[in-house]
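Subject: Structure for you to look through

Dear colleague,

I am handing over a structure that I would like you to read through slowly, with the sequence beside it.

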Amino acid sequence: MKLSKKSRVGSKLKRCYDTPQTPLERVLQCSQADPIKVQQLKRLRDQTDPFELAKPIEQKLERIFAMANPRVSPQPKDPISPSPTRSEKQTLSEIAKIFGTQLQK
């Protein structure tokens, strides 16, 4: 949420906020955005499955929690590779292409 205005009521400040928006929605509303990059971002959004992206994140968080609390947490049954999977690398490289940056290896 972005702060739209502040007004003083007595000794207190009253803050008014815009409606919440995702970063992509803010880019779509921007008149200065590059239309080619906007189309690429829309295409990437349509191809990306947030549930598939959440699975490896949850697994890695569980592994971190297990390392932080060895007495409380049971041992992980299967080791999780610390390197990103092929689909994660592909998604990251697509994002990097859109913004014209290179990924660090």
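What follows is a short account of what was found, beginning with the whole chain and then going to single residues.

Please keep in mind that this is a predicted model, in which local features need pLDDT of at least 70 and side-chain atom pairs count only at pLDDT 80 or more, while totals for chains, interfaces and linings use all residues. Residues are numbered from 1 along each chain as its sequence is written, and side-chain values use heavy atoms, with hydrogens and water left out.

**The chain as a whole**

The chain has four helices and two strands, and from the N terminus on its elements follow the order β-β-α-α-α-α. Here helices (H or I, at least four residues) and strands (E, at least two) are DSSP runs, numbered from the N terminus. Of the 105 residues in the chain, 11% are buried, where buried means under 20% relative accessible area, exposed means over 50%, and partly exposed lies in between (1.4 Å probe, protein chains only). The accessible surface of the chain comes to about 9500 Å², and 56% of this belongs to carbon and sulfur atoms; such areas come from the Shrake-Rupley method with a 1.4 Å probe, and for residues only the protein chains shown count as cover. If you take the contacts (heavy atoms within 4.5 Å) between residues at least 6 apart in sequence, 25% of them join residues at least 24 apart.

**The two strands**

Strand β1 covers residues 3-9, and the count of buried residues among its seven residues is zero. It runs antiparallel to strand β2 (residues 12-17), and six bridges join the two; strands are said to pair if DSSP finds at least two bridges between them. Along this pairing, V9 has K12 as its bridge partner in β2, and R8 stands opposite L13. β1 and β2 form a hairpin with two residues between them, and in the turn G10 has a positive phi of about 70 degrees.

**Charged pairs**

Side chains of opposite charge can pair when their charged atoms come close. A search of the whole structure finds two salt bridges, a salt bridge being a side-chain nitrogen of Lys or Arg within 4 Å of a carboxyl oxygen of Asp or Glu. One of them links R45 with D46, with the closest N and O atoms 3.4 Å apart; R45 is partly exposed at 45% relative accessibility, whereas D46 is exposed at 59%. In the other, E52 is joined to K55, with the closest N and O atoms 3.2 Å apart. E52 and K55 lie three residues apart in helix α3 (residues 50-68), so they are separated by about one helical turn. E52 is partly exposed, at 46%, and K55 is partly exposed as well, at 48%.

L28 lies in helix α1 (residues 23-29) and counts as partly exposed, at 35% relative accessibility. Leaving aside residues up to four places away in sequence, L28 touches V38 and K42. L28 and L41 are 13 residues apart in sequence, and their C-alpha atoms are 9.7 Å apart in space.
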